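I opened the model to look up pockets, charges and backbone angles. My notes follow.

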Amino acid sequence: QVQVVESGGGLVQPGGSRRLSCAASGSTFIIYAMAWYRQAPGKQRELVAAITSGGSTNYADSVKGRFTISRDNLKNTVALQMNSLKPEDTAVYYCNIDLKTDLGSRRAHWGQGTQVTVSS
């Protein structure tokens, strides 16, 4: 069974930085794309950043130049470095990992979410 767990959320002042981490564990698997989504109160979940197995990245326009996604293929982890945070970045951040288990089952797995609040 696969577990996806995020960490690093919390309260941060506007203009500050925060680093989110996410790790996949459990069954033996192959990881494809990894991504971060977020959902603010009253809004739909949106893609923040994604990274392919080859290291190609894409970002939401709202976070370009401020957020950086990275992955460690040996540790099965993905991180999101968030700089110059704004109040509108306040949301629950979710990790999403597309993987295939040793049984051949491939699908995206979600973490439980971690709250990031940007406020003075």
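What volume does the largest pocket have? I get about 180 Å³. Of the 13 residues that line this pocket, the closest to its centre are Arg38, Ala40, Lys43, Glu46 and Glu88. I sorted the lining by class: two nonpolar, four polar and seven charged residues.

A volume is the space filled by probe spheres set on the points, which are joined across faces, edges and corners. Asp, Glu, Lys and Arg count as charged, Ala, Val, Leu, Ile, Met, Phe, Trp, Tyr, Cys and Pro as nonpolar, and the others, Gly among them, as polar.

**Provenance.** This is a predicted model, where local features need pLDDT of at least 70 and side-chain atom pairs pLDDT 80 or more, while totals for chains, interfaces and linings use all residues. Residues are numbered from 1 along each chain as its sequence is written, and side-chain values use heavy atoms, with hydrogens and water left out.

**Salt bridges.** I searched the whole structure and found five salt bridges (a side-chain nitrogen of Lys or Arg within 4 Å of a carboxyl oxygen of Asp or Glu). One of them joins aspartate 89 to arginine 38, with the closest N and O atoms 3.0 Å apart. Aspartate 89 sits in the loop between β8 (77-82) and β9 (91-101), and arginine 38 in strand β4 (residues 29-39), so the pair ties together parts that are 51 residues apart in sequence. Strands here are DSSP runs (E, at least two residues), numbered from the N terminus.

Are these two partners buried or exposed? Aspartate 89 counts as buried at 1% relative accessibility, and arginine 38 counts as buried at 5%. The cut-offs: buried is under 20% relative accessible area, exposed over 50%, partly exposed in between (1.4 Å probe, protein chains only). I also traced a network of salt bridges that links Arg38, Glu46, Arg66 and Asp89.

I checked two further pairs. Arginine 106 meets aspartate 98 at 2.8 Å, N to O. Arginine 106 is partly exposed at 47%, whereas aspartate 98 is buried at 17%. Aspartate 61 pairs with lysine 64 at 3.1 Å. Here aspartate 61 is exposed at 65%, and lysine 64 is partly exposed at 49%.

**Glutamate 6.** I looked up this residue in strand β1 (residues 2-7). The glutamate 6 side chain does reach the backbone nitrogen of glutamine 112 at 3.0 Å. The backbone nitrogen of glycine 113 lies 2.8 Å from a polar atom of that side chain.

**Positive phi.** Asparagine 76 has a phi of about 55°. It is found in the loop between β7 (67-72) and β8, partly exposed at 22%. Serine 84 has a phi of about 50°. Serine 84 is found in the loop between β8 and β9, partly exposed at 41%.

Terms used
1 Å grid on protein atoms, 1.4 Å probe; cavity = no way out; pocket = protein on both sides within 12 Å on 5 of 7 lines; lining within 4 Å. Helix = DSSP H or I, 4+ residues; strand = E, 2+ residues; numbered from the N terminus. Polar contact = N/O pair within 3.5 Å; in protein donor to acceptor, adjacent residues only side chain to side chain.
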